[in-house]
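Visitor: I would like the terms tied to their cut-offs as we go. Can we start?

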Amino acid sequence: MTPNQSYSFPGLVVVTLYFVFSFSFVIYTFASPTFHHCRHDQRDVLLEIKHEFPVNESNRVYNLSSWKKSSDCCSWEGVTCDDKSGKVISLYLSNIPLNKNSLKPNSSLFKLQYLQNLALGNLYGEIPSSLGNLSHLMELDLSYNELVGQIPASVGNLTQLRSLELGDNKLSGKIPDMSRVQSLESFDVRRNSFSGSFPTSLFTISSLQFVSLQNNLFEGPIDFGNTSSFSKLSYLNLFHNKLDGPIPESIFKFLSLDILDLSSNNFIGPIPKSISQLVHLTRLRLSNNRLEGKIPGCLWKLFELKLSNNSFSSFEKPLQVYDREIMRVLLLDSNSFRGPFLHWICKIKKSLMLLDLSNNMFIGSIPQCLRDFTDALEVFNLQNNNFSGTVPDMFVNATELRALDISRNQLEGKLPKSLHNCKDLEILNVESNHFKDKFPFWLGSLSSLNILILRSNQFYGPLYHQNVSIGFQNVKIVDVSHNGFSGTIPAFYFSNWREMITLNADDEYMEIIVHYDDHYRYSMEMVHKGVDTEFERIRKDFIAIDFSENKFCGNIPESIGLLKELHLLNLSGNAFTSNIPQSLANLTNLEALDLSRNNLSGQIPQHLGILSFLSTMNFSYNNLEGPIPRGTQFQRQNCSSFMDNPKLTNLKDICGKPPVPSLTPQETEEMLKPDEQVIIYWIAAAIAYGPGVFCGLVIGNIFVSRNHEWFVEKFGRNKPRAVIRSAR
């Protein structure tokens, strides 16, 4: 056809339609995904598997409702097919709520010969050796099940395996020889019961990058054999086993190591200096061992350094000048360090988030230079050392600070007012120092404050001032015992302590998550149910008030009955007068109540007998009268819980015999040794002539007139303490 020729109309239409359909087909071909139907034999096997492992179809998020014979199995939930052949190559059922079942040796699962990726959940029983027949497997995930027994030796036949995840089961025995699995990159068997010697052969696999053997029972020394210097291993976690001996030099052949965790074992000796060869190391965790000696200077370059609970005693100087603004976590607690504060820490400046130097023998003052490095600081723990002097006003820029523990030192003066800037502060512990200050009303505005511990200092004055807001709406634990606080507490004092009235917490534990998943847990010791109790972890729903051993007088505030979440209440050793508030019967969660050694009168409220959780109580050394409540918890108490209340009428129901009459003050004085009399009279005199003459006279009368046993018990034992500790 020449250019001058024209198409007829019908011919033009045909040609036009041809191009339109051709173009549309091309567009459809490129725009639509390639769609392949799975093979019928693969579909039938999957339906057999569905029959073997039925699911709860009521789960609308994850179920197997799409697994129907009428549909293409490549589109089924958890199923992936090969794009070309339609063979099933991946089966991810770990999120499907399968009914709990065992993986049988003749399971239809093993007919899927082309599987490359397999993840199953809700399994129990042993791993069958048939698993070794899936020779194309590259990823196997059977973690978070209830599998028992050993890893079958047939797993060594999976020569193409790259990732093996068996963590969080109940597996035991030894790790089989994996030397034939030369493509393995990730090996995770954490939180099982594997035992025996360290699996040396595992580390001959040069492709290995990630190994987690944590929380098992491996024992003996570790040895990495003929490890290649070309190893790709970057993550090695041996946390919480029974490994011992020195840290071997061979571990430093893994030049690609980024994270090394050997904590919670029984390693001994020093850290080898050859650790400096690990130039890519960023996180080193050696806590809870028996290591000793000097800390190599090359470690100050790390992002994270955890050396808690060892016997390290000193530090080497850095081998070179490092950029110390990289360090985020430094845990040196519970070692044998001594001498002044580590001034080089100030050079870390604004990067440090967690610093713990507690339970050592550091002395001297806390340096002023710390003001320059608190910007990012979240946890600062100097507990149980011998630091002295005043605390620098160093918290002006510490807006990220969440926990401060400077307890059990020799610190004095006043609390730094710059703490007012720490809007995220959750715990403040200054117990057992020599602070001499009025009650820090200004802390009441910190809305995140959960734990306030001021015990065993020289704080004084009232807890309430009419021109100052009470605050403390979210406080859960308050311990101001063994101080010199005085005066009356108004009836409405506790009415705004919101977190104790209506708790907004579950049954989890108090902790701080510092960068990534680093859990720093609170630990505390206080008098609970009459006994010094250490709480290694503190539940978020534990609510406690301890105002004991002060000089409070007047009525017990009626508003204390609003604190329905309260578990522990200790008001002993004060000069409270009048009746016990009836509102205490509202404290349905109360477990321990101590009102002893006051000047309370009237009856014990009968409704306290309905408090079913109240297992420990003490009303001794008061002027109470009338019947003891008939509640079961009251009848189970020791007679001493009610002693020296001569007007209580039914003591024989608890004591089994009439109570022995209390000694008169004159008889008590005759029984005391001369030096003890002097001590008590001096205490009484000091209180009587201090602030608040009336309250002092009442307390002086209590000191002199009561049996001497309580005095020796309270002041002759070690002081209770509260501390913050890390997770490891």
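Guide: Strands and helices here are DSSP runs numbered from the N terminus: a helix is H or I over at least four residues, a strand is E over at least two. Residues are numbered from 1 along each chain as its sequence is written, and side-chain values use heavy atoms, with hydrogens and water left out. This is a predicted model, in which local features need pLDDT of at least 70 and side-chain atom pairs count only at pLDDT 80 or more, while totals for chains, interfaces and linings use all residues.

Visitor: Where is the place of Asn310?

Guide: Asn310 is in the loop between β20 (304–306) and β21 (311–315).

Visitor: Why is Asn310 called buried?

Guide: Buried means under 20% relative accessible area, exposed means over 50%, and partly exposed is in between (1.4 Å probe, protein chains only). Asn310 has 7%, so it counts as buried.

Visitor: What does the side chain of Asn310 reach?

Guide: It reaches the backbone nitrogen of Asn289 at 3.3 Å, and a polar atom of that side chain lies 3.4 Å from the backbone nitrogen of Arg290. A polar contact is a pair of N or O atoms within 3.5 Å; within protein, one must be able to donate a hydrogen and the other to accept it, and residues adjacent in sequence count only if both atoms are side-chain atoms. Beyond four places in sequence, Asn310 is in contact (heavy atoms within 4.5 Å) with residues including Leu286, Leu291 and Ser334.

Visitor: Ser620 is described as buried; what makes it so?

Guide: Its relative accessible area is 3%, so Ser620 falls in the buried class. Ser620 is in the loop between β46 (616–618) and β47 (623–626), and its side chain makes a polar contact with the side chain of Asn618 at 2.7 Å. Among the residues it contacts beyond four places in sequence are Ser596, Arg597 and Phe642.

Visitor: Is His37 buried or exposed?

Guide: His37 has 57% relative accessibility, so it counts as exposed. His37 is in the loop between α1 (9–31) and α2 (40–52). Leaving out residues up to four places away, His37 touches Asp72, Cys74 and Gly86.

Visitor: And why is Ile151 called buried?

Guide: The relative accessible area of Ile151 is 4%, so the term buried applies. Ile151 is in the loop between β7 (146–149) and β8 (163–165). Its contacts beyond four places in sequence include Leu166, Pro176 and Phe194.

Visitor: How many bridges join strand β25 to strand β27?

Guide: Two bridges join β25 (residues 361–364) to β27 (residues 386–389), and the strands run parallel. Two strands pair if DSSP finds at least two bridges between them, so β25 and β27 qualify. Both belong to an open sheet of five strands with parallel pairing, in the order β23-β25-β27-β29-β31. The edge strands are β23 (338–340) and β31 (434–435), each of which pairs on one side only.

Visitor: How many aromatic pairs does the count come to?

Guide: The count comes to 29. Rings of Phe, Tyr and Trp (its six-membered ring) pair if their centres lie within 6.5 Å; planes under 30 degrees apart count as stacked, over 60 as edge-to-face and the rest as tilted. Phe224 and Phe254 are one of these pairs: 5.1 Å centre to centre with 85° between the planes, which is edge-to-face. Phe224 lies in the loop between β13 (217–220) and β14 (235–237) and Phe254 in the loop between β15 (242–246) and β16 (259–261), so the pair ties together parts 30 residues apart in sequence. Phe224 is buried at 0% relative accessible area, as is Phe254 at 1%.

Visitor: What angle lies between the planes of Trp300 and Phe315?

Guide: The angle is 45°, with the centres 5.6 Å apart, and the pair is classed as tilted. Trp300 is buried at 3%, whereas Phe315 is partly exposed at 21%.

Visitor: Which ring does the charged end of Lys87 sit over?

Guide: The ring of Tyr114, with the charged end 4.0 Å from the ring centre. The rule asks for NZ of Lys or CZ of Arg within 6 Å of the ring centre and within 35 degrees of the ring normal.

Visitor: What average pLDDT does the protein have?

Guide: The average is 83, and 81% of the residues score at least 70. pLDDT is the predictor's confidence in each residue, from 0 to 100. Over residues 1–35 it stays under 50, and the model has three contacts beyond four places in sequence for that stretch. Residues 668–700 are also below 50, with 37 contacts beyond near neighbours in sequence. Where pLDDT is low, predicted coordinates should not be read in detail.
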